[in-house]
Amino acid sequence: MSNSDVELIAHLMRRAGFGATRDQLHAHTAKGYEATVEDLLGPGAEQRMGDDLIRRFQPELSGMLNQNSSGPNWLYRMATTSAPLQEKMNLFWHGIFATGYPKVIHGKALSDQIRMFRRYGLGSFQTLLLELSKDPAMIIWLDNQDNHKGAINENFGRELLELFSMGVGSYTETDIQECARAFTGWTIANREYMELRSQRDSDWPYGRISWHFEYRPEDHDDGEKEFLGQRGNFNGEDVIGIICQQDATARFISRHIYSFFVADEPGVPQWPYTPPADEQAIEQLTQVYFDSNYSITEMLRALFNSDYFKSESSWYTKVKSPVELVVGVARLTGEFDRPRREVMDRYFRAIYMGQALNNPPSVEGWHQGADWLDTGTVVERVNFATQQLGDASKPGVQAMIDRIALQSEQVGTPESLVEACLDQVGALTVSDDTLTELVEFASIGGEDSLASDSPDGEARQRIVEVLQMVAATQVFQRC
Amino acid sequence: MSAIEKPKTGFLEYVLTVGISAMEGRGCYVPVDSAIGNDGVLYVVNRSQVNVARGVRVTMCNAEGEYFGTFGSYGEGDGQFTSPSGIAIDSQGRIYVSDEHLHRISVFDAGGRFLSKFGAPGTQDGELDTPSGLALDSQDNLYVADTYNNRIQKFTADGQFQLSFGSLDDGNGGLNLPWGVAVDAKQDVYVADWGNDRIQRFSPDGEHLATFGTSGDGDGEFYRPSGVAVDNDGFIYVSDWGNERVLVLNSEGGFVTSVMGDATLSKWAANFLSINVEEGAARSRANLEPEIDYFVPDSHEKSSHIEKYFWAPASIKLDGAGRLYVTESNRHRIQVYKRAS
């Protein structure tokens with residue numbers, strides 16, 4: 001097993017998951033890269049913190065009144081799951097089908113939408129779009145409960161085409177109206193009562209009541225429609241079927257996947273005017289989309305095994321989103337070995353860094369990439385990472401210190417200490433300049449303090465300090 | 001389509017519902033336990049949300065919906081709570097409240113004035129890790145579910161450690177994150193052995209006497225039971241939290257009946273809907289007992305849709321008249337039952 005094998009798999013785990021501990025990397029590397037991709041795509045029975053534990057010790061995360069319940073609930077899942085790609089894809093879809101609390105006012109409805117992504121997010125894009133169109137939170141978010149036969153509301157139909165599947169320039173205003181007609185009668189049950197409670201943020205008398213989809217045939221316009229050049233008495237399912245046949249849809253979803261997993265593309269509004277950074281990659285993904293009957297799993301399999309994904313030139317080119325950073329650190333420190341109140345702090349820390357789960361800034365989701373960074377968020381991000389890795393009471397940090405002490409004591413030099421720290425936080429690769437600075441930092445106090453016969457507390461403290469310095473590097477903030 | 005389960009009748013009879021969601025004053029907010037004083041005063045422990053000060057308090061009312069005020073607030077000072085969990089009342093009317101985060105028991109008089117506290121975090125005798133359920137015997141000895149230490153500890157009324165029993169295990173006498181505790185007329189101790197999906201009975205000295213139930217959702221089976229209560233005839237009532245129901249066993253552990261919940265509008269809820277006319281009218285036109293295909297066909301999901309069902313029944317308590325009080329965290333209310341005449 002060579003270093004480059006480990007580093008490549010570390011890259012895969014940062015992108016397809018939230019990073020990996022050194023033990024996990026060792027196990028993945030022993031199986032090989034392609035087998036690890038398969039494990040990510042088909043993780044088997046998921047291991048994670050159980051809902052029973054979460055609901056007992058933080059009961060507000062059971063009824064999920066609001067986003068401060070649904071967000072932390074999801075954070076627990078991301079921080080403890082053995083199926084990290086599944087949760088990464090939930091973040092991916094949440095960023096595209098961005099649905100926010102301020103209009104929905106129902107924590108469980110938002111959590112249910114993420115649960116729907118979890119079930120369908122790696123399957124057929126057609127099925128996912130269909131389930132999205134029936135999702136109660138989405139219906140309220142884009143007003144489809146107000147989309148009636150003879151009195152259409154275009155909001156959902158417009159965003160379905162513009163932001164969820166094809167992108168501007170691929171359809172006409174008439175297509176939008178015909179699309180909206182096809183989705184008339186797609187609403188939520190008890191619309192009047194549930195919408196009123198939502199508008200009033202009413203949890204009276206007895207807390208939230210779950211929403212469910214309802215199709216009202218008497219309110220559906222079943223007349224003939226002409227949509228994207230096809231004519232028929234289309235319902236919503238037919239419209240989604242036609243959307244998924246489009247080249248524009250294939251390119252749209254391919255470009256999103258490429259941007260999320262490989263390299264930042266400009267914002268969606270720029271796509272009609274800016275060609276993809278890697279046209280060949282988009283063409284490959286588009287082909288897989290059609291060949292596999294719109295399978296997201298097949299597109300990801302092709303992507304993760306591609307040269308453009310594996311290339312060292314793509315490593316560390318993306319800035320971790322706040323949630324990716326917070327979850328990655330939590331998985332490294334292992335702090336959520338049981339439900340802990342700190343989950344609320346971690347949820348709010350991501351908000352301070354610019355990302356509130358279940359509350360994207362608009363229907364366009366978050367701007368990715370360097371947009372995550374400004375002077376305030378950089379300080380918050382570095383402070384967070386260094387604080388967490390500096391807390392030797394956390395089980396994951398303790399384990400790292402133990403292994404670093406073993407690894408570095410045999411040589412006892414600043415170089416070996418830095419090398420061991422970089423290795424333990426996930427086989428990080430740093431530039432020569434960064435390495436030099438880290439070694440200089442590790443040299444403060446001389447080599448005596450690193451020697452195996454130095455007082456145990458002193459040596460461990462040095463390790464913690466170097467770990468914190470590693471957490472402050474640029475590559476730690478990137479993936 | 002799955003049919004709505006009809007409650008099995010014949011033994012338990014629904015009486016009424018108490019409560020309404022409210023972060024302050026009259027009402028409950030994420031209630032986790034209740035206790036009933038000899039004078040019929042119902043004390044409800046409101047947990048609220050993590051790191052949220054509003055909502056944390058003990059509400060004082062009665063089953064008839066009379067409201068007597070609240071005591072306690074969020075914080076770490078004397079008489080304050082951070083994650084209040086269990087509540088019990090002794091023969092003198094003193095009220096004991098456990099706190100899962102502060103790892104202590106606070107004692108109040110019947111009017112809610114702070115008297116004392118005991119307990120500290122740890123694993124030694126008398127120390128606590130996440131204390132939850134509380135129960136008193138006839139001598140006012142206090143049994144505490146010392147949850148993450150997987151044991152029950154017995155204290156005198158003034159907080160002196162007496163003994164403990166249990167350790168992490170699924171064999172007889174072992175415990176896994178115990179929650180609710182009860183003492184019967186013979187002074188035997190019943191424990192809702194949450195993580196082991198069963199109820200266990202112990203002698204006052206902690207000797208294992210019996211185990212009731214196994215994992216599952218059938219008759220006489222449990223999934224993460226939260227609370228237990230025993231009446232003077234030896235019938236055992238269990239809030240089967242993970243299955244969102246209440247089970248009744250006879251004194252030998254034989255299955256008697258189960259109920260899913262029958263909530264109606266409490267006095268406070270009816271008052272709210274009569275004032276908020278538009279919401280009341282919309283509610284009257286809504287179908288709150290839909291028959292649908294659930295995304296996940298489990299009881300948590302069903303109860304989230306059907307409002308009258310128990311949702312997170314965190315505790316079950318009896319009053320002196322034999323009425324049963326089921327506290328539901330997610331519905332901010334207490335459903336009251338009695339034995340059918």
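Predicted model: local features only at pLDDT ≥ 70, side-chain atom pairs only at ≥ 80, totals over all residues.

Over all chains, the count comes to 38 aromatic pairs. Chain A and chain B bury about 4300 Å² between them, and 7 salt bridges turn up across that interface.

**Aromatic pairs**

- Take Phe92(A) and Phe260(A): their ring centres sit 5.1 Å apart with the planes at 65°, so this pair is edge-to-face, given that anything over 60 degrees gets that label.
- That pair ties together distant parts of the chain, with Phe92(A) in helix H7 (residues 84-96) of chain A and Phe260(A) in helix H16 (residues 247-261) of chain A, 168 residues apart.
- Another edge-to-face pair is Tyr289(A) with Phe290(A), at 5.0 Å centre to centre and 80° between the planes.

**Charges over rings**

- Arg119(A) lies over the face of Phe295(B), 3.7 Å from the ring centre.
- Arg338(A) does likewise with Tyr148(B), at 3.6 Å from the ring centre.

**Where chain A meets chain B**

- The contact draws on 42 residues from chain A and 58 residues from chain B.
- Of the area buried between the two chains, carbon and sulfur atoms give 54%.
- On the chain A side, Arg56(A), Tyr206(A) and Arg341(A) lose the most area to chain B, together 23% of what that side buries.

**Polar links and the helices behind them**

- One salt bridge to look up joins the side chains of Asp52(A) and Arg224(B), at 2.6 Å from N to O.
- Polar contacts across the interface of chain A and chain B come to 32 residue pairs, both residues at pLDDT 80 or more.
- Several helices of chain A each supply at least two residues of the side that touches chain B, among them helix H4 (51-57), helix H6 (67-80) and helix H14 (191-199).
- The largest share of that side of chain A, 6 residues, comes from H9(A).

Definitions and conventions. Residues numbered from 1 in each chain as written. Chains lettered and ligands numbered in written order. Heavy atoms only, no water. Phe/Tyr/Trp six-rings, centres within 6.5 Å; stacked < 30°, edge-to-face > 60°. Helix = DSSP H or I, 4+ residues; strand = E, 2+ residues; numbered from the N terminus. Lys NZ or Arg CZ within 6 Å of the ring centre and 35° of its normal. Contact = heavy atoms within 4.5 Å. Buried area = accessible area lost by both parts, 1.4 Å probe. Salt bridge = Lys/Arg side-chain N within 4 Å of Asp/Glu carboxyl O. Polar contact = N/O pair within 3.5 Å; in protein donor to acceptor, adjacent residues only side chain to side chain.
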